[in-house]
Amino acid sequence: MNKRRTHLLAGLLSFLVLFGLSAFFSPAKNLEIRHARVIWVERPATEAIISWTTLHAQGKEARVLVDTKPGISAERFALAQKPLRQGAITMTSEDREFADLPRGFYHHAELKGLQPDTRYYFRIQVDGQLSEEYYFLTASQVDRPVAFMWGGDSRMGGDKPRYAGLRPHVDRQAMNRRIRA
């Protein structure tokens with residue numbers, strides 16, 4: 001596989017991680033881990049924030065498990081970071097009016113001291129429940145071209161979806177087909 005195609009595939013996979021499009025997990029006993037994403041704010045070569053949402057309950061013990069090797073068991077990850085911030089997601093009466101939404105909780109775990117230009121694998125663990133494995137790439141400290149793909153989703157579905165445009169799902173499905181290609 002040529003280098004350009006490898007970088008393109010890595011970028012597409014990073015997009016999936018960033019926006020949580022593949023971060024929907026099977027529901028468990030009163031707890032669902034969803035919307036895993038990686039956020040870079042200031043030092044993308046050495047720091048990242050892993051954020052996720054839990055539905056129905058915040059959970060008592062939450063953490064992100066991080067390593068540079070894939071397929072590590074939960075007990076063997078090099079780093080286990082607890083959330084720095086977490087709490088209930090604020091919903092308005094309008095949110096509840098248009099959809100039967102479960103209670104949601106946000107979680108943000110900060111990772112510091114990462115190595116530049118390195119692939120990090122991570123899993124989210126809440127009350128013993130593990131997410132699937134994801135990865136992200138830290139930025140290089142060397143100046144070089146970088147490409148990003150970005151998007152957004154209001155997640156305001158339900159029985160009476162509130163989306164802009166007449167056919168919102170058509171555009172999202174077209175983007176998903178591009179990502180899978």
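Being a prediction, the model gives local features only at pLDDT of at least 70 and side-chain atom pairs only at pLDDT 80 or more, while totals for chains, interfaces and linings use all residues. Residues are numbered from 1 along each chain as its sequence is written, and side-chain values use heavy atoms, with hydrogens and water left out.

Q: How many aromatic pairs does the structure hold?
A: Five. Rings of Phe, Tyr and Trp (its six-membered ring) pair if their centres lie within 6.5 Å; planes under 30 degrees apart are stacked, over 60 edge-to-face, and the rest tilted.

Q: Why is the pair of Trp 40 and Phe 136 called edge-to-face?
A: The ring centres are 6.1 Å apart and the planes sit at 70 degrees, so edge-to-face it is.

Q: Why is the pair of Tyr 121 and Tyr 135 called tilted?
A: The planes are 45 degrees apart, with 5.8 Å centre to centre. Both tyrosines are buried, too.

Q: How do you know that Arg 119 lies over the face of Tyr 135?
A: A charge sits over a ring if NZ of Lys or CZ of Arg is within 6 Å of the ring centre and within 35 degrees of the ring normal. Arg 119 lies over that face, at 4.2 Å from the ring centre.

Methods. Buried means under 20% relative accessible area, exposed over 50%, partly exposed in between (1.4 Å probe, protein chains only).
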